[in-house]
Structures are given as C-alpha cells and as structure tokens.
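Visitor: I'm new to this one. Please walk me through how to read it, one feature at a time.

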Amino acid sequence: GKTVFSILRALRLAHVTEPDKEGIVKMSNLTLINFCLYVLGPCREDVLCARLLLFQVACSAVAFGMRLGVAGLFYDVVL
C-alpha cells in the first residue's frame, strides 16, 4: 500500500496526505472526473463535460488507429 501511495504522489496522479498519528492516509478519489479536476483545476460543469467528451473522442481515435495497425497482423484484408 505504501508503494502505491508513493507512486501516485510522485507522478501527481492523486492528492495523497501524509499519515496522521494513527497511520491513516487520505487520498483523493481516483475517478476520471476527479482526476480531470485535479489536473486542470476547478471549472464549471459544462466545461468539465466538454473536456471529458474531447478526451473520450481522442481515446477512441487512438484506439481505432491502433486497431487498424494491429489488424494487419491477423487478417489479410483490413478494410
């Protein structure tokens, strides 16, 4: 557990607080919405929704490009 916390803190993927006197560590929620707010800062809901939609479109385009690249290894005719 300590290794995961230190990696998340070092890569700035989540806000991790130091353990208190009881050894309890607090960490921000690891959802995509909270990560976007953590990295890009606070914003209105409509702006956040637009950013998340653009991220989804970009990820879909990358996945489709990867699929086309890898499909040639398994199939004779890709398109």
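Visitor: Let's start with Arg-44: buried or exposed?

Guide: Arg-44 counts as exposed, at 57% relative accessibility. The cut-offs are simple: buried is under 20% relative accessible area, exposed is over 50%, and partly exposed is in between, using a 1.4 Å probe and protein chains only. Keep in mind that you're looking at a predicted model, where local features need pLDDT of at least 70, side-chain atom pairs count only at pLDDT 80 or more, and totals for chains, interfaces and linings use all residues. Residues are numbered from 1 along each chain as its sequence is written, and side-chain values use heavy atoms, with hydrogens and water left out.

Visitor: Which side chain does Arg-44 meet in a salt bridge?

Guide: Side chains of opposite charge can pair when their charged atoms come close. Here Arg-44 pairs with Asp-46, at 2.7 Å from N to O. To count, a side-chain nitrogen of Lys or Arg has to be within 4 Å of a carboxyl oxygen of Asp or Glu. Asp-46 itself is partly exposed, because its relative accessibility is 45%.

Visitor: How many salt bridges turn up in the whole structure?

Guide: Two, when the whole structure is searched. Besides the Asp-46 and Arg-44 pair, Glu-18 bridges to Arg-9, with the closest N and O atoms 3.6 Å apart. Glu-18 is exposed at 56%, while Arg-9, at 34%, is partly exposed.

Visitor: How do I read two helices that pack together?

Guide: Two packed helices are described by the angle between their axes and the distance between the axes. Take α2 and helix α3 (residues 45–74): their axes come within 11 Å and cross at roughly 110°. Helices here are DSSP runs (H or I) of at least four residues, numbered from the N terminus, and axes are lines fitted to C-alpha atoms over the stretch in contact, with angles from 0 to 180 degrees between N-to-C directions. The pair is therefore roughly perpendicular, the label for 65 to 115 degrees; under 35 is roughly parallel, over 145 roughly antiparallel and the rest oblique. On the α2 side, Leu-32, Ile-33, Cys-36, Leu-37 and Leu-40 make the contact, facing Leu-48, Arg-51, Leu-52 and Phe-55 of α3. Contact means heavy atoms within 4.5 Å.

Visitor: What does Cys-36 touch beyond its neighbours within four places in sequence?

Guide: Cys-36 is in contact with Gly-41, Leu-48, Arg-51 and Leu-52. This α2 residue is buried, at 10% relative accessibility. Its C-alpha is 9.9 Å from that of Phe-55, 19 residues away along the chain, and 31 Å from that of Lys-21, 15 residues away.

Visitor: Which residues form the nonpolar patch on the surface?

Guide: Ile-7, Leu-11, Leu-13, Leu-32, Phe-35, Tyr-38, Val-39, Leu-40 and Phe-55, with about 800 Å² of accessible area together. Helix α2 (residues 32–40) gives the most, with five residues. Ile-7 comes from helix α1 (residues 2–10) and is partly exposed at 45%; Phe-55, from α3, is partly exposed too, at 43%. Patch members need over 30% relative accessible area and no salt bridge, and like charges are joined within 9 Å, nonpolar side chains (Val, Leu, Ile, Met, Phe, Trp, Tyr) within 5 Å. The areas come from the Shrake-Rupley method with a 1.4 Å probe, and for residues only the protein chains shown count as cover.

Visitor: What is the phi of Arg-12?

Guide: Most residues other than glycine have a negative phi. Arg-12 has a positive one, near 55°. Arg-12 sits in the loop between α1 and α2 and is exposed, at 61% relative accessibility.

Technical notes: Helices (H or I, at least four residues) and strands (E, at least two) are DSSP runs, numbered from the N terminus.
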